[in-house]
Amino acid sequence: ASLGGDRFEVNFKVELEIPLQSEVRVVGALTELGSWSPHDGLPLRTETGLYPLWCATTELLGQPRLEREVEYKFVILKPDGSVEWEQGPNRL
């Protein structure tokens, strides 16, 4: 949804059955998505009644689908500090 100016709202959702001690994040080239750094990515949240659905909403700069597509992946940050990247090509 356009928020006026050069900002628009983006919703991220993914279904993952993982231990709740782990974190799910969205990472991508944009600063708002951590510049491909998993620890700086956008955290997704879940709760009882939604699990295994993880969600996050953020604002991004630019016009959706008019100026550029945004490449991203979901990552899992595990309690032991390791990172598991989503398999396959980047999402758009």
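So, the largest nonpolar core: in this predicted model, that core holds 18 residues. The members with the most contacts inside it are Phe12, Val24, Val26, Leu33, Leu44 and Phe74. Where do its residues come from? At least two each are supplied by strand E1 (7-15), strand E2 (23-28), strand E3 (42-44), E4 and strand E5 (72-77). E1 gives the largest share, with 4 residues.

Setting aside residues up to four places away in sequence, Leu33 touches Phe12, Val26 and Val27, then Gly28, Asp40, Gly41 and Leu42, and finally Val70 and Tyr72.

Now over to strand E4, which spans residues 53-61 and includes Thr58. Is Thr58 buried or exposed? Thr58 counts as buried, because its relative accessibility is 16% and the cut-off for buried is under 20%. Which residues does Thr58 contact, if we skip its neighbours within four places in sequence? They are Phe8, Glu9, Val10, Phe12 and Leu42. You'll notice Phe12 and Leu42 again: both are also on the list of residues that Leu33 touches.

Of the contacts with a separation of 6 or more, 57% are between residues 24 or more positions apart.

Last, the surface, for those of you who enjoy areas. Of the 92 residues in the chain, 34% are buried. The accessible surface is about 5800 Å², and carbon and sulfur atoms account for 49% of that. Thanks, everyone!

Conventions
Residues numbered from 1 in each chain as written. Predicted model: local features only at pLDDT ≥ 70, side-chain atom pairs only at ≥ 80, totals over all residues. Heavy atoms only, no water. Buried < 20%, exposed > 50% of the residue type's maximum accessible area, 1.4 Å probe, protein only. Contact = heavy atoms within 4.5 Å. Core = buried A, V, L, I, M, F, W, Y, C linked by side-chain atoms within 4.5 Å. Areas by Shrake-Rupley, 256 points an atom, 1.4 Å probe, with all protein chains shown as cover.
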